[in-house]
Amino acid sequence: MDNMICWDCVLKHLAGALSYGKEVLSGHTRGAGLDHRVDFLGELVNAEHHLELMDRGVLNIVSNFRKEMQAKKGMVGIEDLATVRRMYLKAEELSGATNETQLRETGNAFRSDFGALNYENRTGGKITALYPEYTGNLDVVYNFVDDYEQFKYSYESIRKYALNHGKIYVLKSEIDLTDFEVETIGKSLSEFCADERLTEDFLLTGQNMALLREFDVRKSFPVFSYKVIKEMHETMKFLKEKGYQGHIYLWDGIKQQPVNKSKYLELMKEVETDHPLTAYYSLKNEEKSFNAQNIVCHIDRPVCCSTKSMLKNSCFVTWQNADCFRYLTDFIKK
């Protein structure tokens, strides 16, 4: 091969991923004499290398899928094989495009089918079916604030892009917020859920989250992550004590999440934890329909090619810490 711009090569690697995925599903996985999980992931990475020079939208789709599979430790399911097969067939259509117009139209169809254009296309109407639009405005509640610049960026994104939001509250703050139209409550989340001022349904957010474009908060929906962090030990212990036996997913620190205050009080009354949403959604047996890696752009390193593509298409962005916030704002300024 003399040129990385090669659709046939993309097809070859996707076919390889499908083949290795079948091997993983048949038992060649962790603990087996021959573990093909790394081969499966490697073929997806090889496809990404070509797509970096060919189609950033398609790259984003394959890259997000590969990251999701890595978060699952390469444990392939039937639905994952079906996704790779669909990718192959769509890429095959792209490889057969004979002119710029056909290439553009076929590429748009690929991205729309897999959701690289916007989160509503990505879910194929699933959001509306599972989460009917709220009838009233939703208040916005920040859990904790201790950084002026990060909060300012997050707050201004809410004011600019969040349609139909209500009042903005901060539960606890270590800095002066008189520059902003917010009310600092000085209460725990459980205590504030019993407060009549708060709308029945509200969005819980953090200073490390922002909107990148317009979003009607009445169409809010919860998003989960396969990532489990060691700091969740306390929450996991609490859930076991409550009799929860299902798999625990992360729901905190992902994006602005919708909460019903009556339901929260029912499930979480007098409970204080660093991961309240993880506990709340777990006890609520929330549907795991929307994976963060397909919906939210998360900044945990300097902005790279796949992150740039996600920033162009996603409505939601989060950042890991102050350094990552700087990576984001430096990129936005450019």
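Two strands pair if DSSP finds at least two bridges between them, and strands themselves are DSSP runs of E, at least two residues long, while helices are runs of H or I with at least four, both numbered from the N terminus. Okay, with that in hand, on to the structure.

Quick housekeeping. This is a predicted model, so to speak of local features we need pLDDT of at least 70, side-chain atom pairs count only at pLDDT 80 or more, and totals for chains, interfaces and linings use all residues. Residues are numbered from 1 along each chain as its sequence is written, and side-chain values use heavy atoms, with hydrogens and water left out.

Leaving out residues up to four places away in sequence, the list has Tyr169, Leu171, Phe192, Leu198, Phe202, Leu203, Leu204 and Thr205.

That takes us to the core. By nonpolar core I mean buried Ala, Val, Leu, Ile, Met, Phe, Trp, Tyr and Cys residues joined through side-chain atoms within 4.5 Å; buried is under 20% relative accessible area, with a 1.4 Å probe and protein chains only. The largest one has 29 residues, and Val141, Phe202, Met268 and Tyr280 touch the most other members. Elements giving two or more residues are α9 (189-193), β5 (201-205), α10 (233-241), α11 (261-268) and α12 (276-283). Top contributor is α12, with 5 residues. There's also a second, separate core of 27 residues, including Leu138, Val170, Leu203 and Leu211.

Now, α12 itself. 8 of its 8 residues are buried, so this helix is largely enclosed by the rest of the structure. What does the covering? Among the elements over its buried residues are α9, β5, α10, β8 (257-260) and α11. Just past the end of α12, Asn285 has a positive phi of about 55 degrees.

Zooming out to finish: the protein chain has 15 helices and 10 strands. Buried residues make up 49% of the 334. And of the contacts between residues at least 6 apart in sequence, 71% join residues at least 24 apart.

Terms used: Buried means under 20% relative accessible area, exposed over 50%, partly exposed in between (1.4 Å probe, protein chains only). Contact means heavy atoms within 4.5 Å.
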